Amino acid sequence: AEFGDGAAEEPGVLFASKSFPCTAAYRLMAAEGIYCDVASGGELHLALKGGFEPARILMHGNNKTDAELEQAINAGVGYIVVDSFDELDRLNRFRDEGLLTADGPNTLVRVAPGIKPSTHAYIQTGQVDSKFGIPLSQVEQAIQKAPNFVGLHCHLGSQFFEVEIFRAAAEVFAGFEVECKVVNVGGGFGIPYLEHEHPPKIDQYAREITSAVREFFGHSAKVMVEPGRWLVGNAGVTAYRVGT
């Protein structure tokens, strides 16, 4: 409830398919009324089989194939997160061919905001040299090219315990002179793997993200977040044997 307080639209809390791609998990999350993010054609297939309404699915991925983009469009997903100019060119080709129409899907432009969270370098995704997202200097150009553009997206990484970092991301978004109907600041909410780790409570994340979006975009923008492993990480344990 904190994520959508006072908003014109309900918040978009997304289940990350890659955190637990299991149809039983999809069914549970769909029944809870949240959204789902998918990063491949296989994950999209599972999300649909698991009961997610297409309009509540967000298509991710920095290397989407033509076939996956067509699959997402034909399925009627709610959002496609655009990760490159190559992808923009292909979406515009689909629009010219009549496959992509003004009815959707909507697009979010993924920004590489130049923000490094305090987490392992392998799971940082928001830094300047990230392979994910559009560089800051090219974001406005990407927005102009994006068909059905509705907002901005970033994902700073995984497994970090900072909450104030989301305000920094929202402030970066606010630097672009564009109307955002949707603001998706990603997720990466940390969970405790070790006894001494004490991540923030979910209401701390919710308050920080909601207040940051409201500060820079008012109450008309839809807030979207991607809690990732936070939704499923404490539900089980995986045991491995290390070979010698």
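1. A residue is called buried here when its relative accessible area is under 20%. In this predicted model, buried residues make up 51% of the 244 residues in the protein.

2. For overall layout, the secondary structure of the protein comes to 7 helices and 9 strands. If we look at contacts with a separation of 6 or more, 67% of them join residues 24 or more positions apart.

3. Let's begin with helix H2 (residues 41–49) and H3, whose axes come within 9 Å and cross at roughly 20°. Angles under 35 degrees count as roughly parallel, and H2 and H3 are therefore roughly parallel to each other. Their crossing is left-handed. On the H2 side, Gly41, Leu44, His45 and Leu48 take part, and they meet Glu68, Gln71, Ala72 and Ala75 in H3. Sorted by class, the residues of this contact divide into 4 nonpolar, 3 polar and 1 charged.

4. Helix H3 (residues 66–75) also packs against helix H4 (residues 85–96), at an angle of about 50° and with the axes 11 Å apart. That angle makes H3 oblique to H4. In this pair the crossing is right-handed. H3 contributes Asp66, Leu69, Glu70 and Ile73, while H4 contributes Glu87, Arg90, Leu91, Arg93 and Phe94. You will find 4 nonpolar, no polar and 5 charged residues in the contact of H3 with H4.

5. Towards H2, the H3 residues are Glu68, Gln71, Ala72 and Ala75; towards H4, they are Asp66, Leu69, Glu70 and Ile73. The handedness is worth a look as well: H2 and H3 cross in a left-handed way, whereas H3 passes H4 in a right-handed crossing.

6. From H6, the contact draws on Phe166, Arg167, Ala170, Glu171, Phe173 and Ala174; from H7, it draws on Tyr205, Glu208, Ile209, Ser211, Ala212, Glu215, Phe216 and Phe217. The class count for H6 with H7 is 9 nonpolar, 1 polar and 4 charged residues.

7. Do have a look at Asp37 too, which sits in strand S2 (residues 35–38). Is this aspartate buried or exposed? Asp37 counts as buried because its relative accessibility is 2%, and the cut-off for buried is under 20%. Leaving aside neighbours within four places in sequence, Asp37 is in contact with Leu14, Phe15, Ala16, Ser17, Lys18, Glu43, Leu58, His60 and Glu226. Val13 is 24 residues from Asp37 in sequence, and the two C-alpha atoms are 9.6 Å apart in space.

8. Last, the cysteines. How many disulfides are there? With a disulfide taken as a pair of cysteine sulfur atoms within 2.5 Å, the count comes to 0. Cys180 is buried, at a relative accessible area of 6%. Cys22, at 26% relative accessibility, counts as partly exposed, a label for values between the 20% limit for buried and the 50% limit for exposed.

Note on methods:
Residues numbered from 1 in each chain as written. Predicted model: local features only at pLDDT ≥ 70, side-chain atom pairs only at ≥ 80, totals over all residues. Heavy atoms only, no water. Axes fitted to C-alpha atoms, helices over the stretch in contact; angles between N-to-C directions. Helix = DSSP H or I, 4+ residues; strand = E, 2+ residues; numbered from the N terminus. Parallel < 35°, antiparallel > 145°, perpendicular 65-115°, else oblique. Left-handed = near helix turned anticlockwise from the far one by under 90°. Contact = heavy atoms within 4.5 Å. Nonpolar A, V, L, I, M, F, W, Y, C, P; charged D, E, K, R; others polar. Buried < 20%, exposed > 50% of the residue type's maximum accessible area, 1.4 Å probe, protein only.
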